[in-house]
Amino acid sequence: MKLPDLTARARRIRLVLTDCDGVLTDGGVYYSERGEEMKRFNIRDGMGVERLRNHGIMTGIMTGEMSPSVRTRAAKLRIEELHLGIKDKPACLHEILARTGLTAEEVAFIGDDTNDVEILGLVGLSACPGDATSFARAVADFHCQTAGGYGCFRELAEFIIAAQRVTE
């Protein structure tokens with residue numbers, strides 16, 4: 001998609017949703033001797049959440065996982081929409097739209113794998129990390145240069161903020 005079209009789509013965004021593993025994390029999972037799962041999050045992505053909030057844009061995480069570390073990270077970042085254990089992401093999107101009064105065109109989603117493909121096709125602006133699978137890359141509008149877990153959410157956030165500044 002050409003930059004003017006991407007910018008026009010980004011201007012309408014009021015909510016940015018993200019998958020977790022492979023987007024906010026590098027996709028790695030760590031286990032201690034006690035079997036506790038740990039995930040690595042990038043601080044720059046957290047600043048992306050804060051910058052979006054400061055520009056009046058809500059954020060949310062939608063993931064199939066039930067990881068306590070994701071709940072902790074979302075709470076720390078004051079993420080408005082947290083949806084864990086989601087196997088049907090399009091249905092979750094429709095519930096969010098009905099509850100918030102937003103339209104699909106006002107939502108961006110960033111995902112990296114096959115379980116994100118359907119929702120990527122339903123939102124106003126779809127994105128994927130630089131190291132996303134070919135399945136996600138084939139349908140995403142915006143391809144980040146940055147890999148998952150290394151600031152791709154921030155890259156998308158800054159693109160949306162810059163696009164909206166053009167109209168301010």
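Me: In what order do the strands of the open sheet lie, and is their pairing parallel or antiparallel?

Reply: Please note that this is a predicted model. As a general idea, strands of a sheet pair through backbone hydrogen bonds, either parallel or antiparallel. Here, 6 strands form an open sheet in the order E5-E4-E1-E6-E7-E8, and the pairing is parallel. Strand E5 (81–83) and strand E8 (142–143) are the edge strands, each pairing on one side only.

Me: Which helix packs on the sheet, and which strands does that helix touch?

Reply: Helix H4 (residues 89–100) packs there, touching strand E1 (15–18), strand E4 (58–62), E5 and E6. The direction of H4 makes about 150 degrees with that of E5.

Me: How many bridges join strand E6 to strand E7?

Reply: Strand E6 (residues 107–110) and strand E7 (residues 125–128) run parallel and are joined by 3 bridges. Within this pairing, leucine 125 in E7 stands opposite alanine 108.

Me: At what angle do helix H2 and helix H7 pack?

Reply: Helix H2 (residues 43–54) and helix H7 (residues 152–165) pack at about 25 degrees, and their axes are 7 Å apart. Angles under 35 degrees count as roughly parallel, so H2 is roughly parallel to H7. Their crossing is left-handed. Residues of H2 that meet H7 include Met47, Val49 and Leu52; among their counterparts in H7 are Phe153, Ala157 and Ile161.

Me: Are H1 and H7 roughly parallel or roughly perpendicular to each other?

Reply: Helix H1 (residues 3–11) packs with H7 at an angle of about 85 degrees, with axes 8 Å apart. The two helices are therefore roughly perpendicular. Leu3, Leu6 and Ala10 are among the H1 residues in this meeting, and the H7 side includes Phe159 and Ile160.

Me: Which residue lies over the face of tyrosine 150?

Reply: Arginine 40 lies over that face, at 4.4 Å from the ring centre of tyrosine 150. As for pairs of aromatic rings, the structure holds 1.

How values were computed
Residues numbered from 1 in each chain as written. Predicted model: local features only at pLDDT ≥ 70, side-chain atom pairs only at ≥ 80, totals over all residues. Heavy atoms only, no water. Phe/Tyr/Trp six-rings, centres within 6.5 Å; stacked < 30°, edge-to-face > 60°. Lys NZ or Arg CZ within 6 Å of the ring centre and 35° of its normal. Pairing = 2+ DSSP bridges. Helix = DSSP H or I, 4+ residues; strand = E, 2+ residues; numbered from the N terminus. Contact = heavy atoms within 4.5 Å. Axes fitted to C-alpha atoms, helices over the stretch in contact; angles between N-to-C directions. Parallel < 35°, antiparallel > 145°, perpendicular 65-115°, else oblique. Left-handed = near helix turned anticlockwise from the far one by under 90°.
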